[in-house]
Amino acid sequence: MKSMQVKGLAIGMWQQVVNHSKSTGRKAIWGIGAVLTLGMASCDTTDDNVGPNFIHTSDFNKGNENWEAGLTDFSTQQDSIMEFSSKITALPTDSLKKGFMLTSHNRSDDAFMYLKRKLTGLAPNQTYNITFEVELASKYPEKGVGIGGSPGGAVYLKAGASGIEPQKVKDSTNAQHWTLNWDKGNQSSGGKNAIVLGTVGIEGETYKYQIIKRTNQSKAFSAKTNDKGELWLLVGTDSGFEGITTLYYTKVKAVLLKATI
């Protein structure tokens, strides 16, 4: 059982229950039961039907985990030169482990390279407060020099969620431009449906792959499910670097807590 995935959340909720028990007596028993129920349900990340509070973890060492890759924010005339591809493959940091590799050549100076996945079994038309934790392998120095911007510092990692599926579509004002049907913001800015977790930049000057983690733990983000209790998750990079970017996603974690206000 993957109890470590809920350890931090469960401990916090447990402490609230213990403190609350001093004034509510028997009501604490119900709270303890709720904590145990959440912890047990969240241990199995292969089953999304776990109710209103939910922790989802995708480990790409096991495969694609039902995530799909895509690329937007470029001209339709650049389709053949973006050099976009994706696959589950060995990590450059550890050949015995695998990750979800995404690569593209940012010819448009604005390419958005992403992964998306649908969650099910959540409360319909419910707003959730969401904390993301994304782990990936990057080799690009934060202060590196590149065309258009730094290959590390000008490539912004984003995560988002919505009850509407993120899709690559033609821009409503420019039929020759591919865009996303979400408001993800642009490069260093987030939008209604996505938040900036940071950059893919690493410390130092050496171009050598290493595992990095990014989270929005200190920044609030929320999203609402559709009437079927579905929520689409998305992680991706909004690039200002006009070169080739190759990243290896290893894990994506999303902690969803039902909003009460």
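**Rings, strands and cores in a predicted model**

Q: Where does the charged end of Lys168 sit?
A: The charged end of Lys168 is placed over the ring of Trp178, at 4.5 Å from the ring centre. The criterion is that NZ of Lys or CZ of Arg lies within 6 Å of the ring centre and within 35 degrees of the ring normal.

Q: Which ring does the charged end of Lys116 sit over?
A: The ring of Trp232, with 5.6 Å from its centre to that charged end.

Q: What conventions apply here?
A: The model is predicted, so local features require pLDDT of at least 70 and side-chain atom pairs count only at pLDDT 80 or more, whereas totals for chains, interfaces and linings use all residues. Residues are numbered from 1 along each chain as its sequence is written, and side-chain values use heavy atoms, with hydrogens and water left out.

Q: What is the mean pLDDT of the protein?
A: The mean is 85, and 80% of the residues reach 70 or more; pLDDT is the predictor's confidence in each residue, from 0 to 100. Over residues 1–47, however, the value is below 50, and this stretch has 35 contacts (heavy atoms within 4.5 Å) beyond near neighbours in sequence.

Q: Changing topic: how many helices and strands are there?
A: The protein has two helices and 15 strands. These are DSSP runs numbered from the N terminus: H or I of at least four residues for helices, E of at least two for strands.

Q: How does strand 15 pair with strand 7?
A: The two are antiparallel, over ten bridges; strands pair if DSSP finds at least two bridges between them. Within this pairing, Phe132 is opposite Ala254.

Q: And how many bridges join strand 5 to strand 15?
A: Six, again in an antiparallel arrangement, with Phe100 opposite Tyr249. Strand 1 also pairs with strand 15 through six antiparallel bridges, and Ser58 faces Val252 there.

Q: Which strands form the open sheet?
A: Three strands, in the order 3-10-9, with antiparallel pairing. Strand 3 (74–75) and strand 9 (168–171) are the edges, each pairing on one side only. Four bridges join strand 9 to strand 10 (residues 174–180), and Val169 has Thr179 as its bridge partner.

Q: Back to aromatics: how many aromatic pairs are counted?
A: The count is six. Rings of Phe, Tyr and Trp (its six-membered ring) pair if their centres lie within 6.5 Å; planes under 30 degrees apart are stacked, over 60 edge-to-face, and the rest tilted.

Q: Why is the pair of Phe60 and Trp67 called edge-to-face?
A: The planes of the two rings stand at 75°, so the pair is edge-to-face; the centres are 6.1 Å apart. Phe60 also forms an edge-to-face pair with Phe100, at 5.6 Å centre to centre and 85° between the planes. Phe60 belongs to the loop between strand 1 (54–59) and strand 2 (68–72) and Phe100 to strand 5, so this pair ties together parts 40 residues apart in sequence.

Q: How many residues has the largest nonpolar core?
A: It has 46 residues, and Ile130, Tyr249 and Leu256 have the most contacts inside it. Such a core is a set of buried Ala, Val, Leu, Ile, Met, Phe, Trp, Tyr and Cys residues joined through side-chain atoms within 4.5 Å. Another core, of six residues, lies apart from it and includes Phe112 and Trp232.

Note on methods:
Buried < 20%, exposed > 50% of the residue type's maximum accessible area, 1.4 Å probe, protein only.
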